[in-house]
Amino acid sequence: MFNYEFTVPPKKRLRVIIVTDCKNEADDQFALAHHLMTPRFDIRAIIAAHFEAKGSEGRGESVQKSYDEILKVMELMGVQGKYPVLKGAAHPLSCDSLPQPQYYPVACVGNCSPVESEGVRFIIEEAMRDDPLPLYVVFLGSLTDLASAHLMDKRIEGRLTAVWIGGGAYPGGACEFNLYQDIPAANIVMASQIPLWQVPEPTYKQIRMSLAELQLRVRPYGRIGKYLFEQLVQYNMDFEDDEDWPQGEIWSLGDQPTVSLLLENHQWDYDWVPAPLITRDMAYIPLNSCMPDRKNRAIRVYHTVDCRFTMEDFYAKLAINYPKRVD
């Protein structure tokens with residue numbers, strides 16, 4: 001399928017499920033293409049995720065928009081039909097709400113019901129399947145689909161590792177887009193025993209590129225390179241009246257670490273942190289503050305990712321597999 005003059009030893013491959021809110025903005029498309037070009041990954045499925053909390057841009061149609069964008073990226077890469085593409089949860093978790101002070105964690109205020117979907121069922125099925133290769137499920141948006149899978153079948157604990165781009169800075173937390181999409185889902189995952197690698201906002205923003213670099217290193221390579229660059233530039237222009245974001249000539253390709261951490265897990269660049277619970281304003285607090293019967297299990301929280309390694313791998317794979325255009 002691709003033009004590599006090397007192979008990955010079969011025992012060193014990884015099963016990977018990609019969960020992406022691919023039409024939310026302009027960086028998921030880069031990460032999706034990077035995953036699909038990476039021969040170490042045995043891509044089991046791509047799941048379209050919602051971005052309902054974004055408001056009018058996604059409300060009621062966000063999963064379908066993500067699904068359509070995944071198919072478009074695959075078609076431009078020439079890999080249409082090569083991997084299952086499934087729809088995930090259409091909206092955040094539904095949770096009972098009880099009157100509680102604002103600072104209480106969402107997980108303390110009622111029970112949550114899973115949002116069933118073909119994508120959620122696939123996560124469960126793949127996790128429960130006997131296979132010698134480890135399973136990683138990477139989340140480029142909310143954790144709704146993982147929380148739903150856990151609510152439906154807790155046996156998935158210990159049978160997959162989740163890699164999540166999301167959450168604010170440690171130790172206190174902060175408002176962050178992917179977490180904001182479904183705070184209860186994040187709390188369910190934190191309170192579970194699912195192995196979790198978290199890449200919070202200050203870390204994923206280290207994958208910072210200039211538009212000039214992307215014009216030089218991405219745009220010339222195939223239809224996919226042209227599309228990745230041009231849709232990002234268009235998205236940049238769509239927000240020209242926003243005073244704070246984006247800044248005009250740079251972009252954070254913040255979903256890209258889901259590739260590089262699975263290629264080389266940067267063993268010196270994370271801390272073991274007690275899994276927190278998360279308040280409505282997205283602050284981190286100790287898990288046992290409202291769940292005294294739960295122990296704070298440790299999760300990996302990455303504080304550094306290697307931008308050079310991450311992006312040079314992407315640029316090389318793009319150039320190897322897609323001829324340089326001359327237009």
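Colleague: At what angle do the axes of helix H4 (residues 144-152) and helix H6 (residues 183-191) cross, and what makes H4 oblique to H6?

Modeller: The two axes come within 8 Å of each other and cross at roughly 55 degrees. Angles under 35 degrees count as roughly parallel, 65 to 115 as roughly perpendicular, over 145 as roughly antiparallel and the rest as oblique, so H4 is oblique to H6. The axes are lines fitted to C-alpha atoms, for helices over the stretch in contact, with angles from 0 to 180 degrees between N-to-C directions. This is a predicted model, in which local features need pLDDT of at least 70 and side-chain atom pairs count only at pLDDT 80 or more, while totals for chains, interfaces and linings use all residues. Residues are numbered from 1 along each chain as its sequence is written, and side-chain values use heavy atoms, with hydrogens and water left out.

Colleague: Which hand does the crossing of H4 and H6 have, and which residues meet there?

Modeller: H4 passes H6 in a left-handed crossing, a term for a near helix turned anticlockwise from the far one by less than a right angle, with clockwise giving right-handed. On the H4 side Thr144, Leu146, Ala147, His150 and Leu151 take part, and they meet Ala185, Ile188 and Val189 of H6, where contact means heavy atoms within 4.5 Å. Sorted by class, this contact has six nonpolar residues, two polar ones and no charged ones. Nonpolar covers Ala, Val, Leu, Ile, Met, Phe, Trp, Tyr, Cys and Pro, charged covers Asp, Glu, Lys and Arg, and the others, Gly among them, are polar.

Colleague: What makes H3 oblique to H4?

Modeller: Helix H3 (residues 118-128) packs on H4 at an angle of about 60 degrees, and their axes are 9 Å apart. That angle makes H3 oblique to H4. H3 passes H4 in a right-handed crossing. Val120, Arg121, Ile123 and Ile124 of H3 make the contact with Asp145, Ser148, Ala149 and Met152 of H4, and by class it has five nonpolar, one polar and two charged residues.

Colleague: How many residues of H4 are buried, and what do they pack against?

Modeller: Seven of the nine residues of H4 are buried, and the helix is mostly covered; buried means under 20% relative accessible area, exposed means over 50%, and partly exposed lies in between (1.4 Å probe, protein chains only). The buried residues are Thr144, Asp145, Leu146, Ala147, Ser148, Ala149 and His150, and they pack against E1, E2, H3, E6, E7 and H6. These labels come from DSSP runs numbered from the N terminus, with helices (H or I) of at least four residues and strands (E) of at least two.

Colleague: Which strands are the edge strands of the open sheet, and how do you know?

Modeller: The sheet has eight strands in the order E3-E2-E1-E6-E7-E8-E14-E11, with mixed pairing. Strand E3 (85-87) and strand E11 (270-274) are its edges, as each pairs on one side only; two strands pair if DSSP finds at least two bridges between them. Direction ignored, neighbouring strands are turned by 25 degrees against each other on average.

Colleague: How do you know that strand E6 (residues 135-139) pairs with E7, and which way do the residues of E7 point?

Modeller: E6 and E7 share four bridges in the parallel sense, and Val163 is the bridge partner of Val138. In strand E7 (residues 161-165), five of its five residues are buried: Thr161, Val163 and Ile165 point one way, and Ala162 and Trp164 the other way.

Colleague: Why is Ala49 called buried, and what does Ala49 touch?

Modeller: Ala49 counts as buried because its relative accessibility is 0%. Ala49 lies in the loop between E2 and helix H2 (62-77). Leaving aside residues up to four places away in sequence, Ala49 touches Val19, Thr20, Asp21, Ser62, Val63, Ser66 and Asp145.

Colleague: What sets the backbone at Met282 and at Pro171 apart?

Modeller: Most residues other than glycine have a negative phi, and most peptide bonds are trans. Met282 is not a glycine, yet its phi is positive, at about 70 degrees, and at 4% relative accessibility Met282 counts as buried. Met282 lies in the loop between strand E12 (276-278) and strand E13 (284-286). The peptide bond from Tyr170 to Pro171 is cis, with omega near 10 degrees, and Pro171 lies in the loop between E7 and helix H5 (177-180).
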